[in-house]
Amino acid sequence: MHVTLDHITKKFDDFTAVQDFSARLEDGELICLLGPSGCGKSTLLNMLSGIIPPSGGHIYFDEDDVTMMPPEKRGVGLVFQNYALYPHLTVLDNICFPLETQHVPKKERVEQAQEIAKLVHVDTLLKRRPGELSGGQQQRVAIARALIKNPRLLLLDEPLSNLDARLRLEMREEIRRIQQRTKVTSVFVTHDQEEALAISDRIILMKSGVVQQNDLPQRLYDSPANQFVANFLGNPPINNIPGVIRNGGFHAQGADSEIRLPLFEGLPEGRPVHLSIRAEAFSVEKDGPIEAQVERVYTMGKEEMACLRIGATEFRAYIDSEVGLTPGRNVQLNVRKRGVFVFDLESGEKLA
Amino acid sequence: MKKVSRVFTYLFLTVAGLIMFFPFFWMFLSAFKTSAEVTASPPVWVPSSFSLINFQLAFEKAPFLRYFFNSILVMVLSVGVTTLTSILAAFAFSRLRFPGRKTLFTLLLSMMMIPFEMLIITNYRTVIDLGIYDTVWALVLPFTSSIFYTYILKNFFDTVPESLYWSARIDGSSNWHYLWKVMVPMARSSLTTVILLNALASWNSFMWPMYVIITDSNRTLPWGLQVFTTEAGSNPEQQMAASTVVVLPMIILFLFARKYIVGGVARGGLKG
């Protein structure tokens, strides 16, 4: 099923949680709603499930307008961050619950539950209660419960946030596997960029209720629409060097030297900008256009993480460990084409 | 220092416990004594035989079985209905969103300040107007809802995460279905507490039955016992036998359900 969100707005009193959100979710896609807390991603998810009504706009499941349809009629499956399993029921009864409300005969219910339990690997735990399961197992049960009624849309609200780091890795792969097996259109809410990049077909990055970019994960990373997107994605975070464009060159704050890159061609004179460069975009080159001072060097094995300085700004770069940087010395750097951007200092608008 | 205060705490509690326990102990022993043993001075501690004659005599003089039946009937009806109304009200106040929800609940809570004795006249009037004066219904009707028990249950319902509710709704559950399939089973221990406290209160209720019941066969145990003690004033051993019969069921109930009563009140009732 494809989902169309048409100019969705949600206001709580005078606070706007979601502002004019439009997107189309294709059939069978796994889409991540990504953003810092309070950006409106959970609100959006709750509007998809019908828990809260939008203040304006329309939601369509295929061609049906479901904007005002109550949650029980939408045929969506929802997995909460805290799993929301019924503590007094066994795993089997938890998984069966959605079918029970649809008055599916008991025998059929149990058969279907066993099948879905196998898919999510909890078929040996059916007699236990949620309190006797680990976080990861509870998560699987919650997914099974959401899937058993063959939902038209699967919604996952920060499903991995309560798990420890190792389990999180494992579960996100599981979610991806289960989603690809069932081919159910899915929306995954998270504030973890790494999670989003790893499992989604497409990412919608939000900030303060407004969509920043709706794109493929790699495109989001490689060509961010603005400063916010560039800052949000990537670990370590992208280096932002403040400065001014003058005579077609970049003058970093507090530095005497000028940086000349083909990228700067056609940029307006005297405009305060951020020169934003990902840590992995640097390379040491004898005649490189960037001169920086080496402050500290951390060994990471195949490469080194160097803290460098241009003028008043410190930044991080991955440098091949064969180069052998010496703290206190100056070094000439070049940058690759990928991972170098120029943003307006104030508005964050992308200039190059 | 800590140890010393501990010793004193236990000493104090032991003495207080004995003081509480003694009347019951004395009642129980006296129920088996002969007339002479009861009034003997210095007191006779242990009865000469544990014969049930006093019980037999008491039951002959007053219809205790009838009282017993009435007490059970009133208890079952009022506890049953109160539990039902408390569950529904608690759910509404805890989960449903309607205008004036908080104001109404505060208003109800503030009504807990009004002692029952103040309501006796109005309740009495109502009972007469409804034409149920001197019937068992007069004992049931004023006790079919309870703000206190609603409050205890609401407190428990409030602790159930909202995600459970929405999860159930999305899975096709109505409010009604959710309440009985999820909330109530989860609230089992709070409910047990509420039912037990309510049963105790109903069983021990004395003043109200005294006002609205005049026909002997409609009396409940405590009020029947009071009448009996007045009439059988010259036979304290029979009074003690009758009293033993009255308190025994609740003592047994309390012994079995002690942990629910204490636990439930501590969890749901007295915080916040």
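**Exercise 1. The interface**

Task: In this predicted model, find how many residues of chain A are in contact with chain B, and describe that side of chain A.

Solution: 
- Start with the count. 16 residues of chain A are in contact with 14 residues of chain B.
- Next, locate them. Helix H2 (71-74), strand S6 (76-79) and helix H3 (91-101) of chain A each give two or more residues to the side that touches chain B.
- H3(A) gives the largest share, three residues.
- Sort by class. The side of chain A that touches chain B has 10 nonpolar, five polar and one charged residues.
- Check the scores. The model has an ipTM of 0.81 and a pTM of 0.79.

**Exercise 2. The build of chain B**

Task: State how many helices and strands chain B has, then describe the chain as a whole.

Solution: 
- Count the elements. Chain B has 14 helices and zero strands.
- Read along the sequence. The pattern is α-α-α-α-α-α-α-α-α-α-α-α-α-α.
- Take the dimensions. The C-alpha trace of chain B spans about 75 × 65 × 35 Å along its principal axes.
- Look at burial. Of the 272 residues in chain B, 32% are buried.
- Look at contact range. Take the contacts in chain B between residues at least 6 apart in sequence: 77% of these join residues at least 24 apart.
- Check confidence. The average pLDDT of chain B is 88, and 95% of the residues score at least 70.
- Residues 268-272 of chain B have a pLDDT below 50. Beyond near neighbours in sequence, this stretch has seven contacts in the model.

**Exercise 3. Two helices of chain B**

Task: Decide whether H8(B) is roughly parallel or roughly antiparallel to H11(B).

Solution: 
- Identify the pair. Helix H8 covers residues 147-159 of chain B, and helix H11 covers residues 188-204 of chain B.
- Take the geometry. Their axes come within 10 Å and cross at roughly 170 degrees.
- Apply the cut-off. Angles over 145 degrees count as roughly antiparallel, so H8(B) is roughly antiparallel to H11(B).
- List the residues that meet. H8(B) brings Tyr149(B), Ile152(B), Leu153(B) and Phe156(B). H11(B) brings Ser190(B), Thr193(B), Val194(B) and Asn198(B).
- Sort by class. The contact of H8(B) with H11(B) has five nonpolar, three polar and no charged residues.

**Exercise 4. A sheet in chain A**

Task: Give the strand order of the open sheet of four strands in chain A, and name its edge strands.

Solution: 
- Write the order. The open sheet runs S12-S11-S13-S19 in chain A, with antiparallel pairing.
- Recall what holds such a sheet. Strands pair through backbone hydrogen bonds.
- Find the edges. Strand S12 (249-252) and strand S19 (340-344) of chain A each pair on one side only.
- Zoom in on one pair. Strand S13 (residues 272-277) of chain A pairs with S19(A) in the antiparallel sense over five bridges.
- Pick one position. Val273(A) stands opposite Asp344(A) in S19(A).

Notes
Residues numbered from 1 in each chain as written. Chains lettered and ligands numbered in written order. Predicted model: local features only at pLDDT ≥ 70, side-chain atom pairs only at ≥ 80, totals over all residues. Contact = placed C-beta atoms within 7 Å. Nonpolar A, V, L, I, M, F, W, Y, C, P; charged D, E, K, R; others polar. Axes fitted to C-alpha atoms, helices over the stretch in contact; angles between N-to-C directions. Parallel < 35°, antiparallel > 145°, perpendicular 65-115°, else oblique. Buried ≥ 20, exposed ≤ 12 C-beta atoms within 10 Å, placed from the backbone. pLDDT = per-residue confidence, 0-100. Pairing = 2+ DSSP bridges.
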